[in-house]
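Opening my notebook on this one.

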Amino acid sequence: MTHNLLDELIRYDRDVQRDQRRRTLDPFPDTETMVDIVRHSDLLRALLVEPLDRREIERTLEVSRATSHRFVRWLEEHGYGERVDDRYRLTGLGTVVADGVCKFEAYLRTARRLDPLFEYICEDHEELVIEPFADATVTVATPADPYAPIARFLSLLRESDSFSGFNTTHMIPPGTEKSDDRLLEDRTVELVYVPDTVEALRDELGTDLSTAIDEGDVTVRTREALPYGLAVFDDRVGIGGYDDETGTMRVFVDTDAAIAREWALWVFDSIRADSRPLSS
């Protein structure tokens, strides 16, 4: 039931984004209306918490008496608020609009936090949903610590009994495994790669991953194109961004949010369904 609901939400979100890109006929909301709503976002957020009288609005928002008067007049003129027992409260429409403003602001904050990732993921990533990653850990390669993202990835893998995902390049770069790591031993592992990466792994004999593939400890499938790197661990999910020329991981974003895990499983299932088993 959860997966069915999530499937519908993701499809709906994706369809809405496509429609908004093409939409030119519907004049509402126009730019002026949207700017006006955002300009009053502090007022809308305050009234989401509780109804306030004029003096409380002035004190909470640190505005003058004239400004508070302008605020409440704006609420009533647009149907976003009403006066009840000398307090102003949001109408049903106002509550929905205020929620939308909060979500929009949260979306922008999340987009800003995930900015290092966007440079490295495929342009065709309409299924990427960023809201579940609002509180994600963002690990970026720097000149001082160029291997920080892969170190973060490996630390999560060592703590997990299961591991699945897909990647455009080596999930575990050669040379990063310690001799006593046995990263893929006694774990349930299923991966999807592009065919060229699988061939490269088979050529690199002796690595932990190539050995596990040859011995059948890791289930591997192939797909012609993949949008980015996705990793699903026991308790966290992550997205990796890679340099096209070197294949090195430049950024890794991970979270333990339940909705992010549901989204990641949905994406992995859809990618897996469009992949082929690895031939011998």
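Helices (H or I, at least four residues) and strands (E, at least two) are DSSP runs, numbered from the N terminus. I am working on a predicted model, where local features need pLDDT of at least 70 and side-chain atom pairs count only at pLDDT 80 or more, while totals for chains, interfaces and linings use all residues. Residues are numbered from 1 along each chain as its sequence is written, and side-chain values use heavy atoms, with hydrogens and water left out.

**Helix α3.** I looked up the buried residues of α3 (residues 41-49) and got S41, L43, L44, A46 and L47. Their cover includes α2 (31-39), α4 (54-61), α5 (65-78), β2 (87-90) and α6.

**Cores.** I count a nonpolar core as a set of buried Ala, Val, Leu, Ile, Met, Phe, Trp, Tyr and Cys residues joined through side-chain atoms within 4.5 Å. The largest one has 26 residues, and F133, F166, Y228, L230, I239, W263 and V267 touch the most other members. Two or more residues each come from β7 (229-232), β8 (237-242), β9 (249-255) and α11 (258-273). The top contributor is α11, with 7 residues. Another core, of 18 residues, lies apart from it and has I37, L44, Y80 and V97 among its members.

Strands pair if DSSP finds at least two bridges between them. I found β1 (residues 81-84) running antiparallel to β2, with 4 bridges joining them. R83 has Y88 of β2 as its bridge partner. The hairpin leaves 2 residues between the strands, and D85 in the turn has a positive phi of about 55 degrees.

**R89.** Setting aside neighbours within four places in sequence, R89 is in contact (heavy atoms within 4.5 Å) with P51, Y80, G81, E82 and V84. C-alpha to C-alpha, R89 and V72 are 9.7 Å apart in space, and 17 residues apart in sequence.

**F104.** My last stop was F104, in helix α6, which is partly exposed with a relative accessible area of 43%.

Methods:
Buried < 20%, exposed > 50% of the residue type's maximum accessible area, 1.4 Å probe, protein only.
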